[in-house]
Amino acid sequence: MLENECICGCGERTKGGKFLPGHDQKLRKAIEDAVGGLESLRSIVEVHIGRPITTFVPK
């Protein structure tokens with residue numbers, strides 16, 4: 001990977017960040033599609049980190 005290359009894999013160069021604008025979401029979508037959707041991605045990550053992922057935030 002070249003310096004300032006967008007990490008989404010498009011091969012384009014950024015102005016210093018990790019992604020070109022919107023390319024983080026393109027990569028997220030590609031990953032979700034590769035594993036069968038967001039629910040499948042969540043299950044894979046939960047197994048990898050050894051705990052459930054939730055949006056619940058206790059007050």
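Student: Which residue forms a salt bridge with Glu46?

Tutor: Side chains of opposite charge can pair when their charged atoms come close. A salt bridge here is a side-chain nitrogen of Lys or Arg within 4 Å of a carboxyl oxygen of Asp or Glu. In this predicted model, Glu46 is paired in this way with Arg42, and their closest N and O atoms are 3.2 Å apart.

Student: What should I know about the model before I read further?

Tutor: This is a predicted model, in which local features need pLDDT of at least 70 and side-chain atom pairs count only at pLDDT 80 or more, while totals for chains, interfaces and linings use all residues. Residues are numbered from 1 along each chain as its sequence is written, and side-chain values use heavy atoms, with hydrogens and water left out.

Student: Why are Arg42 and Glu46 separated by about one helical turn?

Tutor: An α-helix has 3.6 residues a turn, so residues three or four places apart point the same way. Arg42 and Glu46 are 4 residues apart in helix H2, and therefore about one helical turn separates them. Helices (H or I, at least four residues) and strands (E, at least two) are DSSP runs, numbered from the N terminus. Helix H2 covers residues 38-49.

Student: How many residues does H2 have, and how far does it reach?

Tutor: The expected span of a helix is 1.5 Å times one less than its number of residues. H2 has 12 residues and reaches 16 Å from its first C-alpha to its last, close to the 16 Å expected. After H2 comes Gly50, with a positive phi near 75°.

Student: Which residues does Glu46 contact beyond its neighbours within four places in sequence?

Tutor: Contact means heavy atoms within 4.5 Å. With those neighbours left aside, Glu46 is in contact with Arg51, Pro52 and Ile53. A polar atom of the Glu46 side chain lies 2.7 Å from the backbone nitrogen of Ile53.

Student: How many salt bridges does the structure hold?

Tutor: There are 3 salt bridges in the structure. One of them joins the side chains of Arg28 and Glu32 (2.5 Å, N to O). Both of these residues lie in helix H1, 4 residues apart, about one turn of the helix. Lys29 and Asp33 also meet through their side chains in a salt bridge (2.8 Å, N to O). Lys29 and Asp33 are likewise separated by about one helical turn, because they are 4 residues apart in H1.

Student: Are Arg28 and Glu32 buried or partly exposed?

Tutor: Buried means under 20% relative accessible area, exposed over 50%, and partly exposed in between (1.4 Å probe, protein chains only). Arg28, at 36%, therefore counts as partly exposed, whereas Glu32, at 10%, counts as buried. In the second pair, Lys29 is partly exposed at 41%, and Asp33 is partly exposed at 48%. Arg42 is partly exposed too, at 42%.

Student: Where is His23, and which residues does it contact?

Tutor: His23 is in helix H1, which covers residues 23-35. At 9% relative accessibility, His23 counts as buried. Leaving aside its neighbours within four places in sequence, His23 is in contact with Cys6, Cys8, Cys10 and Glu12.

Student: What can be said about Cys10?

Tutor: Cys10 is in the segment before H1, and its relative accessibility of 34% makes it partly exposed. Apart from residues up to four places away in sequence, Cys10 touches Leu20 and His23. The C-alpha atoms of Cys10 and Leu20 are 9.4 Å apart, with the two residues 10 residues apart along the chain. Asn4 is also in the segment before H1, and Asn4 has a positive phi of about 65° although it is not a glycine.

Student: How many helices and strands are in the protein chain, and why is the chain described as more spread out than a compact globule?

Tutor: The protein chain has 2 helices and 0 strands. Its radius of gyration is 15 Å, well over the 10 Å that the globule rule gives for 59 residues, so the chain is more spread out than a compact globule. The radius is taken over C-alpha atoms, and the globule rule is 2.2 Å times the number of residues to the power 0.38. Of the 59 residues, 14% count as buried.

Note on methods
Polar contact = N/O pair within 3.5 Å; in protein donor to acceptor, adjacent residues only side chain to side chain.
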